[in-house]
Amino acid sequence: MRIVVDVMGGDHGCGVVIEGVKHALEADASITRLFLVGNETEIRAASQTAGLSDNRVEIVHASEVLTMADKPLEGIRRKKDSSMVRAIELVREDKADAVISPGNTGALVAGSMKLRRLEGVERPAIAARMPSRTRDFVLIDAGANPLCEPSHLAQFAVMGSAYAREILGQKNPRVGVLSNGSEESKGNELTRGAARLCSQLDLNFIGYVEGFHLFEDAVDVVVTDGFTGNVVLKTAESLGYAMMHLLRGALTKTPVRKFGAMLSRGAFYELKQRLDPEVYGGAVLLGLNGIVIKTHGSSRARAVMNAIRVAAEQIRHDINQKLILEIARANQKLAAASETP
């Protein structure tokens, strides 16, 4: 199992990334090679500080960094020796199975196209794992494709369903198209077209879902375009942080409340773990010849460690081979349906 990490694209420097890598290697002996891509001098200094001296680690020097300010396509073309580009190339050259980057999302999506799409896939999509009341659900697309056609959303539904079944362990995932109402008359041209296609596929398709369905265990795979999905993702994360802040303020207003909060700190820790995006490691770019994980730019060591865990899970499940089969089956179904008078 070979994983490559772009250590330079995050907000907190390579030190936190190296620390996360160290914890991940300590937790998973099945990782045979872990490439650290970035400025070699900085990586060696950070590795010494973190106490990382694992012989499975290999440093690959890159002289440039793609920043959040870089325009995605232009940055990929201009900064050929950036840590992100070099990291992606290691997967393309079959030297690694998965790449993890906290860098510029648009650039990562654009750069990952070097890996080429899986057979039959029209567009790769970002799948984000999110918490609900008692289980998790998959939001797809969470930001890769701002503009979509119905056929793209139908394929997102197929990939999201396969991902939920393989990685989340859901036997028959319920798939819904995100809309502004549950009635068939709601939505727009895109969602109505996507719903019609999804209803023709071998999916446990439940129709439209609304925003309030997402967090009440009503759906396992939420399908939408990348623009809407990214807004949903960031709004949910921001709301989670705001709720924790409000709760902390309310519980520390009086000595009695503080005492009660101290007695309940186990419950609050559990709640924080459920809402913390770092627990999920990052979002997955599905539909490419290679595994691509996007972590937050603000990721710290725990998020990096969990991103490596997520990458390892996908390698073990051979998720891409399953996606190829599911997409081929779906494309055949849709082609047959289109020929039926």
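Q: Where is the place of Lys171, in terms of the helices and strands around it?

A: Bear in mind as we go that this is a predicted model. Lys171 sits in a loop, the one that runs between helix α6 (150-166) and strand β7 (174-178). It counts as exposed, because its relative accessibility is 79% and the cut-off for that label is over 50%. Looking back along the chain, Ser161 comes 10 residues away from Lys171, and the two C-alpha atoms are separated by 9.7 Å.

Now follow the helix on one side of that loop.

Ile140 deserves a stop of its own. Leaving out its neighbours within four places in sequence, Ile140 is in contact with Ala125, Ile126 and Ala127, with Phe156, Met159 and Gly160, with the run Val221, Val222, Val223 and Thr224, and with Leu286. The peptide bond that joins Ile140 to Asp141 is cis, with omega at about 10°. Asp141 itself is placed in the loop between β6 (136-140) and α6. As background, most peptide bonds are trans, and most residues other than glycine have a negative phi.

Asp94 is not a glycine, yet its phi is positive, at about 65°. You'll find Asp94 in the loop between α4 (83-92) and β4 (98-101), and with 53% relative accessibility it counts as exposed. Arg116 is another non-glycine with a positive phi, this one about 70°. Its place is in the loop between α5 (105-112) and β5 (125-131), and at 56% relative accessibility Arg116 is exposed as well.

Lys114 lies in the loop between α5 and β5 too, but its relative accessibility is 27%, so it counts as partly exposed. Setting aside residues up to four places away in sequence, Lys114 touches Ile76, Val85, Ile88, Glu89 and Arg92. Glu216 is 102 residues from Lys114 along the chain, and their C-alpha atoms are separated by 38 Å.

Back to the stretch where we began, this time by way of β7. Thr191 is in helix α7, which covers residues 189-198. Its contacts, not counting residues up to four places away, are Val177, Leu178, Ser179 and Tyr208. Thr191 has a relative accessible area of 9%, so it is buried, the cut-off for that being under 20%. From Thr191 to Arg2 it is 189 residues in sequence and 39 Å in space, C-alpha to C-alpha.

A helix residue can also face the outside, and Leu246 is a case to look at. Leu246 belongs to helix α8 (residues 226-251) and, at 57% relative accessibility, counts as exposed. Between Leu246 and Lys186 there are 60 residues of sequence separation and 35 Å of space, C-alpha to C-alpha.

Finally, step back to the chain as a whole. Its secondary structure comes to 12 helices and 11 strands. The chain is as compact as a globular protein of its length, because its radius of gyration, 21 Å, is close to the 20 Å that the globule rule gives for 341 residues. Along the principal axes, the C-alpha trace spans about 65 × 60 × 35 Å. Buried residues make up 50% of the 341. If you take the contacts with a separation of 6 or more, 71% of them are between residues 24 or more positions apart. The accessible surface is about 16200 Å², with 53% of that belonging to carbon and sulfur atoms. As for charge, the chain carries 42 positive and 40 negative side chains, and the centres of those two sets lie 4 Å apart.

Technical notes
Residues are numbered from 1 along each chain as its sequence is written. This is a predicted model: local features need pLDDT of at least 70, side-chain atom pairs count only at pLDDT 80 or more; totals for chains, interfaces and linings use all residues. Side-chain values use heavy atoms; hydrogens and water are left out. Helices (H or I, at least four residues) and strands (E, at least two) are DSSP runs, numbered from the N terminus. The radius of gyration is taken over C-alpha atoms; the globule rule is 2.2 Å times the number of residues to the power 0.38. Buried means under 20% relative accessible area, exposed over 50%, partly exposed in between (1.4 Å probe, protein chains only). Contact means heavy atoms within 4.5 Å. Accessible areas come from the Shrake-Rupley method with a 1.4 Å probe; for residues, only the protein chains shown count as cover. Lys and Arg count as positive and Asp and Glu as negative; His and the chain ends are not counted. The place of a charge is taken as NZ of Lys, CZ of Arg, CG of Asp or CD of Glu.
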